[in-house]
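Okay, thanks for coming, everyone.

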Amino acid sequence: VMELVSGPTLRQRLDDATPIDPWQAAGLAAQVAEALDAAHRAGLVHRDIKPANVLLCGDGRVKVADFGIAKAIADADLTQPGLMVGTAKYLAPEQVRGETVDPRTAIYSLGIVLYEMLCGRPPFAADTDAATALARLHQDPLRPRQVRAGVPKALEDIVCRAMAREVADRFDSAADLRA
């Protein structure tokens, strides 16, 4: 049983229109980051942050759904080494490699979602899910301002830091990303 949220998913919003206004996208991402921070403080890492799991309430609030494959931070036995769990377009490099996840894994995925909101397309695309997932291991995407000129530089820098290939180069927490 879960709450009925009256409104579309972010996926539906992205499919129905052009890229989202940069400051509106930043506001939506900030709300997702706030939800992720609450989950992280409770000891959970959401391993499938994607637009379909971001619910847009009619009153402007955002809810994060589908914690079905969330991982308890302290429980190393929830996944086997080498197992990749999540949606290919939004996986962090460490997920692709089947390595340990932590809160910065969700930050990477949120960075991809924010990129898609700003640019109207995800940063990595290939013919198969596997090729899409592997692309992030070997190449950097175009910077958001190379895809959409109106993206503010400061927002582009936030997206690029959230999507850093190396875990240590990302924001330390969702609260830091939100700030």
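So, to start: leaving aside its neighbours within four places in sequence, which residues is valine 159 in contact with? Contact here means heavy atoms within 4.5 Å. The answer is Gly111, Leu114, Tyr115, Leu118 and Pro144.

Before I go on, some housekeeping. This is a predicted model, where local features need pLDDT of at least 70, side-chain atom pairs count only at pLDDT 80 or more, and totals for chains, interfaces and linings use all residues. Residues are numbered from 1 along each chain as its sequence is written, and side-chain values use heavy atoms, with hydrogens and water left out.

Now the overall layout. The chain has eight helices and four strands, and along the sequence they run α-α-β-β-β-β-α-α-α-α-α-α. Helices (H or I, at least four residues) and strands (E, at least two) are DSSP runs, numbered from the N terminus. Of the 179 residues in the chain, 47% are buried; that's under 20% relative accessible area, with exposed being over 50% and partly exposed in between, using a 1.4 Å probe and protein chains only. Among the contacts with a separation of 6 or more, 65% are between residues 24 or more positions apart.

Back to valine 159. You'll find valine 159 in helix α7, residues 153–162, and with a relative accessible area of 0% it is buried. Arginine 170 is 11 residues away from valine 159 in sequence, and 9.8 Å away C-alpha to C-alpha.

That brings us to α4 against α7. Their axes are 7 Å apart and the packing angle is about 140°; axes are lines fitted to C-alpha atoms, for helices over the stretch in contact, and angles run from 0 to 180 degrees between N-to-C directions. So α4 and α7 are oblique to each other. The cut-offs: under 35 degrees is roughly parallel, over 145 roughly antiparallel, 65 to 115 roughly perpendicular, and the rest oblique. On the α4 side, the contact uses Ile107, Tyr108, Gly111, Leu114, Tyr115 and Leu118, and on the α7 side Leu155, Val159 and Ala162. By class, the contact of α4 with α7 has eight nonpolar, one polar and no charged residues. In that scheme Ala, Val, Leu, Ile, Met, Phe, Trp, Tyr, Cys and Pro are nonpolar, Asp, Glu, Lys and Arg are charged, and the others, Gly among them, are polar.

Helix α4 (residues 103–119) also meets helix α2 (residues 22–41): the axes come within 10 Å and cross at roughly 165°. That makes α2 roughly antiparallel to α4. Residues in this contact include Leu28, Val32 and Leu36 from α2, and Leu110, Leu114 and Met117 from α4. The contact of α2 with α4 counts 14 nonpolar residues, one polar and no charged.

And what about a charged residue? Not counting residues up to four places away in sequence, glutamate 116 touches Arg11, Leu14, Pro51, Tyr90, Arg121 and Pro122.

Cysteine 119 is buried, at 9% relative accessibility, and cysteine 57 is buried at 11%.
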